[in-house]
Amino acid sequence: MSKASSSSTVNVCDHPVLLHKLAHLREVHQPPREFRRLMHDLTLLVGYEATRGLSSKPVKVHTPMCETTGQHLTPNVAIVPILRAGLGMSEAMLELLPNASVHHIGMYRLKGSTKPVEYYNRLPRDRVADVSFVLDPLVASGNTLDATICQLKQWGSKKIVVVSLIATVEGLAFLTKEHPDVELFVVSGDDTLDPDGRVLPGLGDAGDRQFFMDQDMENPWGITLEGGDGQLRKKRTCSIDDKDPSQGSAAKKASGRKK
């Protein structure tokens, strides 16, 4: 493992086995099942390095032969996958940290904007983690991770570690500038962004490739850009009547009878 020259907080896990698996993960013809397996393997190996800094305490251990001293992890750990793509990394991290809690954060980047939109966040107010491992296979501009890290800091997490697979030079530079206290672990950190914001060489949409999504999913949450100010606004995209006209009519009749 090596440190990126730009920052001491970026750790590039450049083991030959990891690079071999990453090359297969990038391959466009990988079926979803194989893509998920490769992502699991890569996360397990990168996560092993990312958990190196966890604190532990000495404990007594009774072997079949005698009593000795071992180590048990002490911090309260949370695994935080960013939906959807981070889901494929959760199982591997839980194999390393089976007692960790799992909290999902949903972020969506609207086409035509670099600002992430949060659509799901259930961080428990009464159980703040000592260490939070954020899972996202691809770091592009870094805006989504920036928003997630800000949420975790606001939540009160004392230490935040990002576990990823591929990152762009631009994304890493942005994150290390905004969050110099956050460690990042990646397999490749020298991808780049093209003028349209796509990661090159990248691996495509990790969420789509995991879950075999071929249809247009550019705006599933009904969020639109309106006006000249570039502000994000939510717009209702359907109603009961739109989904099922008969259901809507029945609801209106029932409402009329109550009156």
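Buried residues are those under 20% relative accessible area, exposed ones are over 50%, and partly exposed ones lie in between (1.4 Å probe, protein chains only). The model on screen is predicted: local features need pLDDT of at least 70, side-chain atom pairs count only at pLDDT 80 or more, and totals for chains, interfaces and linings use all residues. Residues are numbered from 1 along each chain as its sequence is written, and side-chain values use heavy atoms, with hydrogens and water left out.

**Whole chain**

Display the protein chain as a cartoon; eight helices and 17 strands make up its secondary structure. Helices (H or I, at least four residues) and strands (E, at least two) are DSSP runs, numbered from the N terminus. Of the 259 residues, 42% are buried.

**Cysteines**

Select C150, which counts as partly exposed because its relative accessible area is 38%. Then select C66, also placed in the partly exposed class because its value is 45%. The structure contains zero disulfides, a disulfide being a pair of cysteine sulfur atoms within 2.5 Å.

**Helix α4**

Select residues 143–155, the 13 residues of α4, which reach 18 Å from the first C-alpha to the last, close to the 18 Å expected at 1.5 Å a residue. The expected span is 1.5 Å times one less than the number of residues. Buried positions in α4 include L145, I149, L152 and W155. Step just past the helix to G156, where phi is positive, at about 115 degrees.

**Nonpolar cores**

Next, show the side chains of L25, V46, F133 and L165, which have the most contacts inside the largest nonpolar core, a set of 31 residues. Such a core consists of buried Ala, Val, Leu, Ile, Met, Phe, Trp, Tyr and Cys residues joined through side-chain atoms within 4.5 Å. Elements giving two or more residues to this core include α1 (16–26), α2 (32–50), β9 and β11 (159–163). The largest share, six residues, comes from α2.

Centre on V46: beyond its neighbours within four places in sequence, V46 is in contact with C13, L18, V163, S164, L165, F185 and V187. Contact here means heavy atoms within 4.5 Å. A second, separate core of 23 residues includes L123, A129, I149 and L175.

Select β11, where four of the five residues are buried. Five bridges join β11 to β9 in a parallel arrangement, and F133 stands opposite V161. β11 also runs parallel to β13 (residues 183–186), with three bridges between them; there the bridge partner of V161 is E183.

Move to D136, in the loop between β9 (131–135) and β10 (138–139). D136 counts as buried because its relative accessibility is 10%. Not counting residues up to four places away in sequence, D136 touches I82, A85, M89, L145, V163, S164 and L165.

**The four-stranded sheet**

Finish with the open sheet of four strands in the order β10-β12-β14-β15, whose pairing is mixed. Strands pair if DSSP finds at least two bridges between them. At the edges are β10 and β15 (199–200), each pairing on one side only. Inside the sheet, β12 (residues 166–168) and β14 (residues 188–193) run parallel and are joined by two bridges; select I166 to find S188 of β14 opposite.
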